[in-house]
Amino acid sequence: MEMKSIATQLSTNAYPGRGIILGKTPDGTKAVAAYFIMGRSVNSRNRVFVTEGEGIRTQAFDPSKMEDPSLVIYAPVRVFGNKTIVTNGDQTDTIFDLMDKQMTFEQSLRGREFEPDGPNYTPRISGILHLENGTYSYAMSILKSNNGNPEACNRYMFAYSTPIAGEAHFIHTYMGDGNPLPSFEGEPELVDVLDDIDAYTDLLWTNLNEENKVSLFVRYINIADGSYETRIVNKNE
């Protein structure tokens, strides 16, 4: 698979929706996780990321403008021991709770499917990073309707047991803008990553569509000891 420029992938797509990027820095020392949200409606745009424990939560920027919190207020990032969970919905909690009951990442998602927001039927995208004794692996998942048919849920899992330095994988909810919004197709895109968290955060935020971007989370985790740095950028300040 040809590596693509994440700057180009973002700048040429006005509406990828929500996106997860997981990878490893070029120097091979850090695991990388990024998650962004975009919005077209007032309800979707009226959000910020706030820290909650070792993870984050979406929160209404102006509570008086919040119409329906069911699909827009959730914890995108939670930490379970040496695992970091990143998703675009409340399946973060499902994965967290069922892993506590000894289920795997894949098993924990079997009871979930795409969002009930027809006609878009937004895919549920999820990722997990696992660090243990100086080793690192990650996996990604997408649960989507069968070409817009809500009677069938297609489930795709992608596991990266040996991440390569300087590589990341990018999965997002939509192929681009549209009505209805076209669901993501294919396997996660191979994209570049940088050693410096501030430079990468700036690269991602700058190239997200100015009108539609809402919030961005980036975390770099030291593979050797699990320590981490986090950056959060909110359009609403």
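Which residues is L129 in contact with, leaving aside its neighbours within four places in sequence? In this predicted model, local features need pLDDT of at least 70 and side-chain atom pairs count only at pLDDT 80 or more, whereas totals for chains, interfaces and linings use all residues. Residues are numbered from 1 along each chain as its sequence is written, and side-chain values use heavy atoms, with hydrogens and water left out.

With those sequence neighbours set aside, L129 is in contact with L22, A31, V32, A33, N82, K83, T84, V86, Y136, S137 and Y138; contact means heavy atoms within 4.5 Å. L129 also belongs, with I20 and Y35, to the residues with the most contacts inside the largest nonpolar core, which has 26 residues. Such a core is a set of buried Ala, Val, Leu, Ile, Met, Phe, Trp, Tyr and Cys residues joined through side-chain atoms within 4.5 Å, buried being under 20% relative accessible area (1.4 Å probe, protein chains only). Two or more residues of this core come from each of β1 (19–24), β2 (30–38), β7 (124–132), β8 (135–146), β9 (149–160) and β12 (213–222). Strands are DSSP runs of E, at least two residues, and helices are runs of H or I, at least four residues, numbered from the N terminus. A second, separate core of 22 residues includes L10, V32, L181 and V218.

Pockets and cavities were located on a 1 Å grid over the protein atoms alone: in a cavity a 1.4 Å probe fits but cannot get out, while a pocket is an open set of points with protein on both sides within 12 Å along at least five of seven lines, and lining residues have an atom within 4 Å of a point. A volume is the space filled by probe spheres set on the points.

The largest pocket has a volume of about 360 Å³. Its lining comprises 19 residues, and R18, S41, S44, V72 and D117 lie nearest the centre. By class, six are nonpolar, seven polar and six charged.

The second largest pocket holds about 210 Å³ and is lined by 15 residues, with F105, I128, S137, Y138 and A139 nearest its centre. Two or more lining residues come from each of α4 (105–108), β7, β8 and β9, and β9 gives the most, with four. This lining divides into nine nonpolar, four polar and two charged residues.

One cavity of 30 Å³ or more was counted. The largest cavity, of about 40 Å³, is lined by S70, L71, Y74, N88, G89, D90, E115 and R124.

Definitions and conventions. Buried means under 20% relative accessible area, exposed over 50%, partly exposed in between (1.4 Å probe, protein chains only). Ala, Val, Leu, Ile, Met, Phe, Trp, Tyr, Cys and Pro count as nonpolar, Asp, Glu, Lys and Arg as charged, and the others, Gly among them, as polar.
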